[in-house]
Amino acid sequence: MNESLLVNDSSATPVNGQAFPWMAESLDSNGSLEFSTAPLEFPVNPWDIMLCMSGTVIACENAIVVAIIFYTPTLRTPMFVLIGSLATADLLAGMGLILNFVFQYVISSETISLITVGFLVASFTASISSLLAITVDRYFSLYNALTYFSEKTLQYVHLMLIGTWGVSLLLGLLPVLGWNCLQEQTSCSIVRPLTRSNVMLLATSFFVIFVLMLTLYFKICQIVCHHAHQIALQQHFFATSHYVATKKGVSTLAIILGTFGASWLPFAIYCLVGERDYPSVYTYATLLPATYNSMINPIIYAYRNTEIQRSIYMILCGCFQAKGTYRSRSPSEV
């Protein structure tokens with residue numbers, strides 16, 4: 001698509017152009033953005049460049065995680081299966097951002113636009129849903145610690161993965177199957193060609209997942225604090241060990257939820273309150289931080305894990321020899 005996304009400006013004459021296929025693409029007489037096959041009239045939109053750069057970093061980071069988990073036999077526990085699912089979803093999201101940048105300045109096609117937006121919706125939905133699945137797994141690893149390492153756990157993890165990717169694929173197919181605003185411009189949202197009702201559904205789903213994660217992590221925090229208290233009493237070091245363990249657990253949970261909320265909440269809120277004729281810069285400014293969540297996920301969930309670090313060292317430094325005994329950690333330790 002040889003066009004660029006233009007920011008709505010009431011003082012400027014509407015100009016045809018196209019950009020991020022999700023969003024409204026060029027200004028019509030009502031100030032909204034729509035598709036156009038007009039030649040490129042402006043340089044490449046810097047917002048599109050930043051999104052492409054974000055997608056490149058996301059793809060590289062998560063490709064390493066996927067490769068490590070896939071080629072390391074010891075990383076087959078439920079925890080790493082879910083981390084692999086998260087990394088795969090983020091990898092696809094990063095690739096989608098790159099392909100979107102290529103397609104929008106090369107091919108002008110509504111079909112390509114629908115496929116791109118569907119691919120990105122499915123990828124980001126799978127990423128967010130995988131975060132919820134990891135949260136559920138962490139909760140059960142603490143709540144049912146004695147029976148966690150069993151075949152039943154692996155079965156429910158597989159069921160969560162089927163549900164996660166099944167729902168994500170369905171949501172991604174909706175625009176392609178007809179739930180779009182290409183035929184009815186008045187129904188467009190801030191993310192064209194998605195309809196306003198479709199965007200509201202996605203935003204509402206995000207808030208449901210966010211509330212569930214808040215609830216589960218609050219329960220996890222309670223369990224961690226209780227365990228730390230019991231251990232401290234047994235070892236007679238309540239003042240020190242209980243404080244350190246509790247502080248570490250709470251700070252980790254705060255980082256996880258804070259990063260997730262800071263990344264996605266602005267865009268989710270704007271999806272609910274934004275209108276199609278709002279300046280596109282608002283959409284870009286809230287969408288770009290949302291992509292950063294997929295950039296930070298591998299750092300929080302993968303690269304901080306000592307077993308993945310060990311695998312990286314073994315790949316990069318063939319002479320690396322692990323000191324001490326090797327043991328598989330539970331999700332509660334990650």
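I began with C188, which is buried (under 20% relative accessible area; exposed is over 50%, partly exposed in between; 1.4 Å probe, protein chains only), at a relative accessible area of 6%. This is a predicted model, where local features need pLDDT of at least 70, side-chain atom pairs count only at pLDDT 80 or more, and totals for chains, interfaces and linings use all residues. Residues are numbered from 1 along each chain as its sequence is written, and side-chain values use heavy atoms, with hydrogens and water left out.

**Cysteines.** I looked up the partner of C188. C188 forms a disulfide with C181, with 2.1 Å between the sulfur atoms; the cut-off for a disulfide is a pair of cysteine sulfur atoms within 2.5 Å. C181 is buried too, at 0%. I read a torsion of about 95 degrees about the S-S bond of C181 and C188, so this disulfide is right-handed. My search of the whole structure gave 1 disulfide. I also checked C60, which is partly exposed at 47% relative accessibility.

**Helix α1.** Next I took α1, residues 46-71. Helices are DSSP runs of H or I, at least four residues, numbered from the N terminus. For the 26 residues of α1 that gives 38 Å, and the end C-alpha atoms are 38 Å apart, which agrees.

I listed the buried residues of α1; among them are D48, L51, C52, E61 and I69. Their cover includes α2 (78-104), α7 (280-303) and α8 (306-316), with contact meaning heavy atoms within 4.5 Å.

Technical notes. Helices (H or I, at least four residues) and strands (E, at least two) are DSSP runs, numbered from the N terminus. The expected span of a helix is 1.5 Å times one less than its number of residues.
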